[in-house]
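Let's take a walk through this protein model together. Keep the sequence and the 3D view handy as you read.

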Amino acid sequence: MFRRIEARIVNPLLGDKIDRPSYATDGAAAMDLRACLEAPVTLQPSERLLIKTGVAINMMDPGLVAIVASRSGLSLKHGIRVAQGIGVIDADYHGEIGVILMNDSATPYDIQPGERIAQLMFQPVIQVDLQYVDTFSTATARGEGGFGSTGRV
């Protein structure tokens with residue numbers, strides 16, 4: 001099932017020389033975002049760069065969020081990942097989608113024009129109203145146990 005999301009090309013390279021975001025397979029959960037570049041850009045070891053994608057979106061629904069995620073092959077083979085873990089694109093953001101890439105390897109990496117650099121996935125959003133209390137109304141077996149408190153096995 002497809003839901004329509006408005007998309008606007010903000011860089012003429014997109015759709016002309018560079019493929020638009022698309023799903024690689026019928027079963028893909030996320031579409032590929034491509035580097036909208038005129039020439040290769042080198043990402044040095046431990047460096048972060050903002051790479052533009054040439055596209056902006058209008059979700060028209062505060063019940064949706066777009067998530068920018070790393071491509072597993074790029075991360076495994078070259079140490080290139082989305083720098084902040086995931087990128088969050090709020091429903092009211094209409095600017096060009098940019099991907100902050102990080103090079104975790106010891107080798108410079110050349111990002112090629114049109115290269116698939118990240119994935120874009122749409123997810124539902126639930127906004128909450130935090131109710132501040134002195135104590136919680138329910139107890140759990142874990143309680144306030146911290147990291148690793150449930151054991152290793």
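## Starting at Pro124

Let's begin with Pro124, which touches Gly63 and Leu64, leaving aside residues up to four places away in sequence. Here, contact means heavy atoms within 4.5 Å. Pro124 sits in strand 10, residues 116-124. Helices (H or I, at least four residues) and strands (E, at least two) are DSSP runs, numbered from the N terminus.

Is Pro124 buried or exposed? Pro124 is exposed, with a relative accessible area of 67%. The labels work like this: buried is under 20% relative accessible area, exposed is over 50%, and partly exposed is in between (1.4 Å probe, protein chains only). Pro124 and Asp61 are 63 residues apart in sequence, while their C-alpha atoms are 9.6 Å apart in space.

## A word on the model

This is a predicted model, where local features need pLDDT of at least 70 and side-chain atom pairs count only at pLDDT 80 or more, while totals for chains, interfaces and linings use all residues. Residues are numbered from 1 along each chain as its sequence is written, and side-chain values use heavy atoms, with hydrogens and water left out.

Now look for the four strands that form an open sheet, in the order 1-4-8-6, with antiparallel pairing. Strand 1 (6-9) and strand 6 (80-82) are at the edges with a single partner strand each, so one side of each has no neighbour in the sheet. From one strand to the next, the twist averages 40 degrees. For that angle, axes are lines fitted to C-alpha atoms (for helices, over the stretch in contact), and angles run from 0 to 180 degrees between N-to-C directions.

Strands of a sheet pair through backbone hydrogen bonds, either parallel or antiparallel. Two strands count as paired if DSSP finds at least two bridges between them. Strand 4 (residues 48-58) and strand 8 (residues 96-103) pair in the antiparallel sense over six bridges.

## Asp32 and its neighbours

Next stop: Asp32, in strand 2 (residues 31-34). Asp32 is buried, at 7% relative accessible area. Not counting residues up to four places away in sequence, Asp32 touches several others, including Pro21, Ser22 and Ala118.

The side chains of Asp32 and Arg116 are joined by a polar contact of 3.2 Å. A polar contact is a pair of N or O atoms within 3.5 Å; within protein, one must be able to donate a hydrogen and the other to accept it, and residues adjacent in sequence count only if both atoms are side-chain atoms.

## Salt bridges

How many salt bridges does the structure hold? There are five salt bridges, each being a side-chain nitrogen of Lys or Arg within 4 Å of a carboxyl oxygen of Asp or Glu. One of them joins the side chains of Arg34 and Asp19 (3.9 Å, N to O). Arg34 is in strand 2 and Asp19 is in the loop between strand 1 and strand 2, so this pair ties together parts 15 residues apart in sequence. Arg34 is buried at 18% relative accessible area, whereas Asp19 is partly exposed at 49%.

Asp32 forms a salt bridge with Arg71, with the closest N and O atoms 3.7 Å apart. This pair links distant parts of the chain: Asp32 in strand 2, and Arg71 in the loop between strand 5 (64-69) and helix 1 (72-78), 39 residues apart. Arg81 forms another salt bridge with Asp104, where the closest N and O atoms are 2.4 Å apart.
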